[in-house]
Amino acid sequence: MNALLDASIFGLAQREKSALLLTRLNELTARHQQACPAYANVLSAFGWGQAISYAELPYLAARLFKLARWKSVPEDEVFKVLTSSGTTGTASQIVLDRETAALQSKVLVKILQEFVGKQRLPMLLVEQPALIQNRSGFSARGAGALGLSFLGRDHTYALDEQMRPNWPVIEAFCEKYAGQPVLLFGFTFMVWQCLLEPLRERGLQLPLEQGIFFHSGGWKKLQHLAVDNPAFKARCREQLGLSRVHNFYGMVEQVGSIFVECEQGHLHAPVFADLLVRDPLTHQPLAIGQPGLLQVLSAIPGSYPGHSLLTEDLGVLLGEDDCPCGRHGRYFQVLGRQAGAEVRGCSDTFQ
């Protein structure tokens, strides 16, 4: 893990990165095989073991975390449990010990600093203050907001307890930091419904031209409103003055390993994480340009066997080491949820 922490976040060529990451992933497979009997049973049933390539890595379906509490640490070492509820009310439970929680926070900050720099900027969160008050257990929304809050200072919450814009607070923030770089964060659908739409209804714009905005989740609901990524960015430019808007892809089952959108609109795998695309029927790995189910890989999960997960998200690998933005490694696009898949948590489930 130290070799990955010391490496450039997006600077390694894919071949070099894959070798480093595969070593760590094999270590995690062995660790979880020893410490998690349910995971050991899965490996035995499928004849899985150590892998010599990504394609051979064992994987769990992300949905399994809704059916059981997978953990590889004793109960007295459980530091916190993250939950994410879908629309049916089924919750994933992700068990973290202190080591994994600290590693997740450290990695998340290192990834995002590649886009914002190391200076902590004043931060406006499109959230309500009560979201992250309970530190022993979090929803996916709370974990996401807390994780990104480490990048900022003077944390200001744009919404009140009824999820309505707190206009005096928003106006005070904009006035205090007028013409200065600031950081913004929110879940995509909530930003649209709780900030952008109220601004439009009032005919208002916010002067946040120097802002950097990270957002994620909730695209399924926005698709129903005919809002895609370019349309979302256009509204952010129009009503917030923002030119730097970065979507990112992640999930509570692998919190900390996030894939951030570059200036070209491509999602990038950092040195700590990677992905494959598999055929939805055969689960065979697919080549660049072929759409299928995303399998996400992460060096972080030491307290639960979540280092290799087959998601219910459809995507396509666009290339590796050759994105025009200059970042190395694999880059991809998410196409949406697999037909019949349950809607996940975060802003997808906010009503």
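Trainee: Which residue stands opposite F248 in β10?

Mentor: V260 does. This is a predicted model, so read every pairing as a feature of that model. Two bridges join β9 to strand β10, residues 259-261, and the two strands run antiparallel.

Trainee: What about β8 and β9: how many bridges join them, and do they run parallel or antiparallel?

Mentor: Four bridges join strand β8, residues 211-216, to β9, and these strands run parallel. Look for H215, which stands opposite N247 in β9.

Trainee: Why is β9 said to be largely enclosed?

Mentor: Count its buried residues. Strand β9 covers residues 244-249, and five of its six residues are buried, so the rest of the structure largely encloses it.

Trainee: Which residues is E261 in contact with, leaving aside neighbours within four places in sequence?

Mentor: F115, N229, K233, V245, H246, N247, H266 and L267. Take V245 from that list. E261 and V245 are 16 residues apart in sequence, and their C-alpha atoms are 8.7 Å apart in space.

Trainee: How do I read strand β14?

Mentor: Start with burial, then go through the partners. Strand β14 spans residues 308-320, and ten of its 13 residues are buried, so it is largely enclosed by the rest of the structure.

Trainee: Which strands pair with β14 in the antiparallel sense?

Mentor: Strand β13, residues 292-298, pairs with β14 in that sense over five bridges. Here L293 stands opposite L314 in β14. Strand β15, residues 330-337, also pairs with β14 in the antiparallel sense, over seven bridges. In that pairing G315 stands opposite V334 in β15.

Trainee: Which way do β1 and β14 run?

Mentor: β1 and β14 run parallel, joined by two bridges. L60 has L309 in β14 as its bridge partner.

Trainee: On to helices. Why do residues three or four places apart point the same way?

Mentor: An α-helix has 3.6 residues a turn, so such residues point the same way. Now apply the idea to helix α3, residues 37-46, where Y39, V42 and L43 are buried. Seen down the axis of α3, these buried residues fall within an arc of 95°, so they line one face of the helix.

Trainee: Which residues are exposed on the other side of α3?

Mentor: P37, N41, S44 and A45 are exposed there.

Trainee: What covers the buried residues of α3?

Mentor: The cover includes α2, residues 14-35, and β1, residues 60-61. Check the helix end too. Just after α3, G47 takes a positive phi of about 70°.

Trainee: Which residues of helix α6 are buried?

Mentor: W167, I170, F173 and C174 are the buried residues of α6, which runs over residues 167-176. They cover an arc of only 130° around the axis, which puts them on the same side of α6. P168, E175 and K176 are exposed on the other side.

Trainee: What do the buried residues of α6 pack against?

Mentor: They pack against β4 (121-125), β6 (152-157), β7 (182-187) and α7 (188-202). Y157 is found in strand β6. Y157 is buried, with a relative accessible area of 18%. Y157 and I170 are 13 residues apart along the chain, and their C-alpha atoms are separated by 8.0 Å.

Trainee: How is empty space found?

Mentor: Rolling a probe the size of a water molecule over the atoms shows where empty space is left. In this model the count comes to two cavities of 30 Å³ or more. The second largest cavity holds about 30 Å³ of space.

Trainee: Which residues line the second largest cavity?

Mentor: I9, F10, G11, L12, K17, A269, P270, V271, H328 and G329 line it. By class, the lining has six nonpolar, three polar and one charged residues.

Trainee: And for the whole chain, how many helices and strands are there?

Mentor: The chain has nine helices and 15 strands. Of its 351 residues, 56% count as buried. Then look at contacts with a separation of 6 or more: residues 24 or more positions apart account for 71% of them.

Definitions and conventions:
Residues numbered from 1 in each chain as written. Predicted model: local features only at pLDDT ≥ 70, side-chain atom pairs only at ≥ 80, totals over all residues. Heavy atoms only, no water. 1 Å grid on protein atoms, 1.4 Å probe; cavity = no way out; pocket = protein on both sides within 12 Å on 5 of 7 lines; lining within 4 Å. Points joined across faces, edges and corners; volume = space filled by probe spheres on them. Nonpolar A, V, L, I, M, F, W, Y, C, P; charged D, E, K, R; others polar. Buried < 20%, exposed > 50% of the residue type's maximum accessible area, 1.4 Å probe, protein only. Pairing = 2+ DSSP bridges. Arc of directions from axis to C-beta. Contact = heavy atoms within 4.5 Å.
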